[in-house]
Amino acid sequence: MSIQEQKITEAAIAANGVQSRPDKLTGTAAQNKKVFDALVTAVVREKFNALLDELTGTAAAAQLGITTIPGFSAGNVQTALEQIVQAMQDVTQGSVTDGSITLLKLAAEVTAVALGGAAAIHTHGAGDINSGVLDAARIPVLDGTKLGTGSVGTAQLGAAVVTSEKLAALSVLATHIAQGAVTAQKIAPGAVTADKIVAGAIITALLAPNAVTAEKLANDIPYTKFGLSADQVRHVYAGTTEPGAELGSDGDIYLMYSE
């Protein structure tokens, strides 16, 4: 019999309770006691003992209902246990359904580091950076001792990241720059000033075509920074009188006019 069948019904109480006996009992004391005990001995005891047998039997779990557990469909203890065991076997045997493990399913100690990944905030040594483009904020002030021969190439520089603040005085040598690495997009306007360039550092092989435009150069760059041994710029002067010997140098142009 099932657990449900062990209920004490109104009919059983009516048939075995005192109310089913005459209003005046005429039996012996022992007989009258049995009348009062009949409901317990004939109904309650039998139903209670049968209920215990059902609850301790192997079929009891299948008869005990439960509220449905999220992620499972079972409506009783037996089915729920079977579904939980199956889910655990699925996990241990590598058959977890794709997308079934959400953030809510992970304990606090399950972090990216615990899974072999990097922490959300972490650092790298300079030697770890071997590809990609550095943001301007990531580049410290560089002097000549920090740059290896040919170490600065186009792939290492983002657009306009080379500013005046990023270069130490006289830090840029010809040996530090890969051929064709410096393009117009790599240099911020006005970044190239006289104190940033070692004499003779800028040679044609280091510059991409049309890389150095007027806006990239400051106004204080002398001819010596371009590898010139002498001032080869011709100057033009004008006046109303003959020029003195101290004005200009050979090759300059003087325009004399009258008012």
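Start by selecting Thr 240, which lies in the loop between β1 (236-239) and β2 (253-256); helices (H or I, at least four residues) and strands (E, at least two) are DSSP runs numbered from the N terminus. Before you go on, keep in mind that this is a predicted model, where local features need pLDDT of at least 70, side-chain atom pairs count only at pLDDT 80 or more, and totals for chains, interfaces and linings use all residues. Residues are numbered from 1 along each chain as its sequence is written, and side-chain values use heavy atoms, with hydrogens and water left out.

**Around Thr 240**

Now show the neighbours. Leaving aside residues up to four places away in sequence, Thr 240 touches Tyr 254, Met 256, Tyr 257 and Glu 259, where a contact means heavy atoms within 4.5 Å. Thr 240 and Glu 259 are 19 residues apart along the chain, and their C-alpha atoms are separated by 7.5 Å.

**Zoom out**

Colour by secondary structure and you get three helices and two strands, running α-α-α-β-β from the N terminus on. Of the 259 residues, 20% count as buried. Among contacts with a separation of 6 or more, 63% are between residues 24 or more positions apart.

**Along α2**

Select residues 29-55, which make up helix α2. α2 has 27 residues and reaches 37 Å from its first C-alpha to its last, close to the 39 Å expected at 1.5 Å a residue; that expected span is 1.5 Å times one less than the number of residues. Where is the kink in α2 centred? Click on Asp 37: the kink there is about 60°, with the bend taken as the angle between axes fitted to the seven residues ending at a residue and the seven starting there.

Next, pick Asn 32, Val 35, Ala 38, Val 43 and Glu 54, which are buried in α2. The buried residues of this helix pack against α1 (10-16).

Stay on Glu 54 for a moment. Glu 54 is buried yet has no salt bridge, and the nearest side chain of opposite charge, Lys 47, is 11 Å away. For the charges, Lys and Arg count as positive and Asp and Glu as negative, while His and the chain ends are not counted. Show what Glu 54 touches beyond four places in sequence, and you'll find Met 1, Ser 2, Ile 3, Gln 6, Ala 60 and Gln 63.

So which residues do pair up? Select Arg 45 and Glu 46: they form a salt bridge, the closest N and O atoms being 3.8 Å apart. A salt bridge is a side-chain nitrogen of Lys or Arg within 4 Å of a carboxyl oxygen of Asp or Glu, and the structure holds one. Arg 45 is partly exposed, with a relative accessible area of 44%, and Glu 46 is partly exposed at 44% too.

**On to α3**

Move to Ile 69, in the loop between α2 and α3. Ile 69 counts as partly exposed at 32% relative accessibility.

Finish with α3 itself, residues 77-92, whose 16 residues reach 23 Å from first C-alpha to last, close to the 22 Å expected. At its start, a side-chain oxygen of Asn 76 reaches to within 3.1 Å of the backbone nitrogen of Gln 78.

Terms used
Buried < 20%, exposed > 50% of the residue type's maximum accessible area, 1.4 Å probe, protein only. Polar contact = N/O pair within 3.5 Å; in protein donor to acceptor, adjacent residues only side chain to side chain.
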